[in-house]
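Please look over the model below before reading my points.

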Amino acid sequence: MNVLKKYRDFFVYIVFGFQATILNALLYMIFYQKFMISNVISTIIAWTITLVFAFFTNKFFVYKSTERRVKYIFVEFINFFLCRLLSGVLDVIFMFISVDLLNLLPLLMKFIAALGVGLINYFGGKLFIFKSR
């Protein structure tokens with residue numbers, strides 16, 4: 001039981017991170033395959049929408065940030081955005097190289113990218129964004 005308590009944030013992050021990954025992949029595939037929008041633009045659109053979902057799930061469920069004042073929520077969102085921007089750029093670069101240059105399977109590459117991006121995002125959230133619980 002002590003392990004569950006000690007790593008609670010990580011376990012809850014995995015649950016919501018999985019949901020964000022599915023949302024991101026679904027949105028990506030809709031824009032990329034259904035609407036035939038380019039790989040990079042589809043990645044950026046999916047990332048942007050997923051960012052908002054991830055902010056609220058991370059704030060309220062993963063890290064249980066109790067801050068409710070608009071000014072501080074805005075600061076948390078800006079910090080969240082900046083941290084995720086770094087991982088988002090890495091996601092776009094990975095997708096560009098793997099799909100556009102190497103012609104690998106888009107959905108598989110999206111899930112592989114999500115693993116690396118997820119780890120970066122978890123530690124960014126824990127160490128820099130929602131640290132003042």
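**Notes on the helix packing**

1. Asn 24 is found in helix H2. Helices here are DSSP runs (H or I, at least four residues), numbered from the N terminus. Asn 24 counts as buried because its relative accessibility is 10%; buried means under 20% relative accessible area, with a 1.4 Å probe and protein chains only. Asn 24 touches Ala 46, Trp 47, Thr 50 and Lys 110, with residues up to four places away in sequence not counted. Contact means heavy atoms within 4.5 Å. Val 70 lies 46 residues from Asn 24 along the chain, and their C-alpha atoms are separated by 27 Å.

2. A word on the source. This is a predicted model, where local features need pLDDT of at least 70, side-chain atom pairs count only at pLDDT 80 or more, and totals for chains, interfaces and linings use all residues. Residues are numbered from 1 along each chain as its sequence is written, and side-chain values use heavy atoms, leaving out hydrogens and water.

3. How do H2 and H5 cross? The axes of H2 (residues 8–34) and H5 (residues 106–129) come within 10 Å and cross at roughly 140°. Axes are lines fitted to C-alpha atoms over the stretch in contact, and angles run from 0 to 180 degrees between N-to-C directions. The two helices are therefore oblique to each other; oblique is what remains after under 35 degrees (roughly parallel), over 145 (roughly antiparallel) and 65 to 115 (roughly perpendicular).

4. Which residues meet there? From H2 they include Asp 9, Tyr 13, Asn 24 and Tyr 28. From H5 they include Leu 107, Lys 110, Gly 118 and Tyr 122. The residues of this contact divide into twelve nonpolar, four polar and three charged. Nonpolar covers Ala, Val, Leu, Ile, Met, Phe, Trp, Tyr, Cys and Pro; charged covers Asp, Glu, Lys and Arg; the others, Gly among them, are polar.

5. Now H5. Its buried residues include Pro 106, Lys 110, Val 117, Asn 121 and Ile 129. The buried residues of H5 pack against H2, H3 and H4.

6. Ser 87 sits in helix H4. Its relative accessibility is 0%, so Ser 87 counts as buried. Leaving aside neighbours within four places in sequence, Ser 87 is in contact with Val 117, Ile 120 and Asn 121.

7. The largest nonpolar core has 14 residues. A nonpolar core is a set of buried Ala, Val, Leu, Ile, Met, Phe, Trp, Tyr and Cys residues joined through side-chain atoms within 4.5 Å. H3 gives the most to this core, with five residues.

Key:
Buried means under 20% relative accessible area, exposed over 50%, partly exposed in between (1.4 Å probe, protein chains only).
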